[in-house]
Amino acid sequence: MGNNRRLLEWGKDALIVALSLSAVYLLSMTPLLQDSGVLELLSPKESPAPGAFTATQGGAMLPARLVISAEGGRCGVQYDKAQLEELFPPLGALLGDALASAGEARPMTEEQWRQYLTGTGIYFDFAGDVPLSALEHWLQGPGTAGLDGAARRVLLCAGQGDQVLLCWQDTDKGQFFFCPTALTQALHLNPATAAVTSNSAYFAFENPDLSQLLSPYTLVTEVAQQGVCYAVSNPLPGGGTSAVLDALAFNGQNHAPVSGGEVYLDGGDRLVVSTNGTVTYRAAWVERYPAGSTLADAVDKARALAEGTLGALCGEARLYLVSARESQGALCLRFGYLLGGCPVYLGGEGWAAEFWVTDGYITQFTLHFRSYAPNGEHTLLLPIDKAAAMLPSISQERRELIIQYRDGGGPSVSPQWAAA
């Protein structure tokens, strides 16, 4: 009798549990609960894997220069971070669509390139040499076009009929290429360039005098005669080192002083933090920082590390990809700082970060930490034509003239004209 009563009670409990679960399920299907965010809070979270890292800034890196050309005129933008940030998102989306839908690449002459450059189109100058596959990743997500090569200068322009062409100058050999895209002039290019307000920007090759002094694709715009000066500091003291260790998922428990800094050991991997703000890493366990199987993957992973470390502590500066080159069976990726769209030549090498990728893993890197803040001072800059005339090395070699900051480790930097 007792056993029957116990079975009856168990049956009642099971029925109550079943009804409760059914009620919870039915409630979870209601729009009110689905929209409330409660389900997301209750769902299990995936723990980050050791060595996982993500970029702190999404999307593509800003170009250093933009030129928008239409029948109504031409607008060139450089040395103006705020305006670049305003203009680039919709134009970058068009470039991403063009890269994703790019057809077969074909060579063209420099004369054709210049004709396209001065017609209706959108010109992007990324300051460094960006692999086209990586640029497609930045702008479009995982790409399928898979264009080869790298480029600093990229152009969307009007082709025959309603066609929009993607053009670029290859970094390695300096050759020019074009390919058709799925974009059209009527739906994409013309609306994007229709509202252009001319500011009389031009390229050096369009000016008879400057074409004898400067590299032909030097962009000439009306820039402010007063350049901003910046105070410079090492951001690692006072908590910066801990932030970097966290960003790198590096265990900071095992460390010891060394000449000029501190060494951290984690599973045999070695991270040295120098007192001057330089951080170096050498892998013993090579699988700590996977870099993927493609060039675009490697650029993305290295960029994520750079943004999560240097990018988080560099103040008013931002990062750009300087180069991505094969060397001795490995891939070398370099990133630099930009201040207000002007490159910073750092130390004796110029770059801020260098990553080495071997067999799909980041095996070593060097990071130069600097933080920049306006100090309230300004410096006068000559107009570009007068600056070119005063630099004899420019006229002899026809090099590009740009505004640059040189950071030799001092407490401040000032803009100056420099031959690139």
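## Basis of the model

Because the model is predicted, local features need pLDDT of at least 70 and side-chain atom pairs count only at pLDDT 80 or more, while totals for chains, interfaces and linings use all residues. Residues are numbered from 1 along each chain as its sequence is written, and side-chain values use heavy atoms, without hydrogens and water.

## The cavity

On a 1 Å grid over the protein atoms alone, a cavity is a set of points where a 1.4 Å probe fits but cannot get out, and lining residues have an atom within 4 Å of a point. The search of the whole structure finds one cavity of 30 Å³ or more, and the largest cavity holds about 40 Å³ of space, a volume being the space filled by probe spheres set on grid points that are joined across faces, edges and corners. Among the residues of its lining are Y79, L219 and W417.

## The pocket

A pocket is an open set of points with protein on both sides within 12 Å along at least five of seven lines. The largest pocket has a volume of about 720 Å³, and of its 34 lining residues the closest to its centre are A127, G128, R152, V322 and A420.

## Strand β17

Strands are DSSP runs (E, at least two residues), numbered from the N terminus, and β17 (342-346) is one of those that each supply at least two residues of the pocket lining.

Two strands pair if DSSP finds at least two bridges between them; β17 pairs with β16 in the antiparallel sense over three bridges, whereas three bridges join β17 to β21 in parallel.

Notes
Helix = DSSP H or I, 4+ residues; strand = E, 2+ residues; numbered from the N terminus.
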